[in-house]
Amino acid sequence: MSAGEPFAELCTTLRCGACGNYRRDSRVLPCSHRFCRQCLERSRDCFTCGRAHFERDQVQDPQYANILERFSVIVDQARVLGRLREHGAQGRAPTAEAQA
């Protein structure tokens with residue numbers, strides 16, 4: 001596993017499975033899948049497993065905001081140090097460069 005793989009995996013984990021952006025106002029469904037609140041308003045079915053859900057079933061994801069804030073700091077530091085390579089607007093995650 002290269003040094004960039006865990007970083008890319010974390011980027012993917014923090015993204016909404018419906019819109020592909022980092023989740024905003026993250027919600028957890030009873031099936032344990034997480035999405036943006038705005039995306040969940042578009043469908044009554046989970047985008048990952050297809051299980052039906054209702055708005056009352058959605059639970060705010062309280063730890064997500066803290067994780068995303070810390071992740072943003074790490075990404076900013078990596079950019080400043082020149083250890084982050086951006087992939088552009090193709091929806092792919094940035095990768096961290098391995099330290100020599």
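Analyst: One term before we start: contact means heavy atoms within 4.5 Å. This is a predicted model, where local features need pLDDT of at least 70, side-chain atom pairs count only at pLDDT 80 or more, and totals for chains, interfaces and linings use all residues. Residues are numbered from 1 along each chain as its sequence is written, and side-chain values use heavy atoms, with hydrogens and water left out.

User: OK. What does C36 touch, leaving out residues up to four places away in sequence?
Analyst: C36 touches C16, C19, Y22, R23, R24 and D25.

User: Which residues make up the largest nonpolar core?
Analyst: That core has eight residues: C16, L29, C31, F35, C36, C39, L40 and C46. Strand 2 (34-36) and helix 2 (37-40) each give two or more residues to this core. Another core lies apart from it, with seven residues, including F7, C11, Y64 and F71. A nonpolar core here is a set of buried Ala, Val, Leu, Ile, Met, Phe, Trp, Tyr and Cys residues joined through side-chain atoms within 4.5 Å. Buried means under 20% relative accessible area, exposed over 50%, partly exposed in between (1.4 Å probe, protein chains only).

User: Now the fold. How many helices and strands are there?
Analyst: The protein chain has three helices and five strands. Their order along the sequence is α-β-β-α-β-α-β-β. Helices (H or I, at least four residues) and strands (E, at least two) are DSSP runs, numbered from the N terminus.

User: Which residues of helix 3 are buried?
Analyst: Y64, L68, F71, V75 and A78 are buried in helix 3. They cover an arc of only 85° around the axis, so they sit on the same side of helix 3. The arc is that of the directions from the helix axis to the C-beta atoms. On the face turned away from that buried side are the exposed residues P62, E69, R70 and V80.

User: Backbone next. Where is D25 found?
Analyst: D25 is in the loop between helix 1 (4-13) and strand 1 (26-28). Phi of D25 is near 50°, a positive value in a residue other than glycine. Most residues other than glycine have a negative phi.

User: Is D25 buried or partly exposed?
Analyst: D25 is partly exposed, at 31% relative accessible area.

User: And what about phi of S32?
Analyst: S32 is not a glycine, yet its phi is positive, about 75°. S32 is in the loop between strand 1 and strand 2. S32 is partly exposed too, at 49% relative accessibility.
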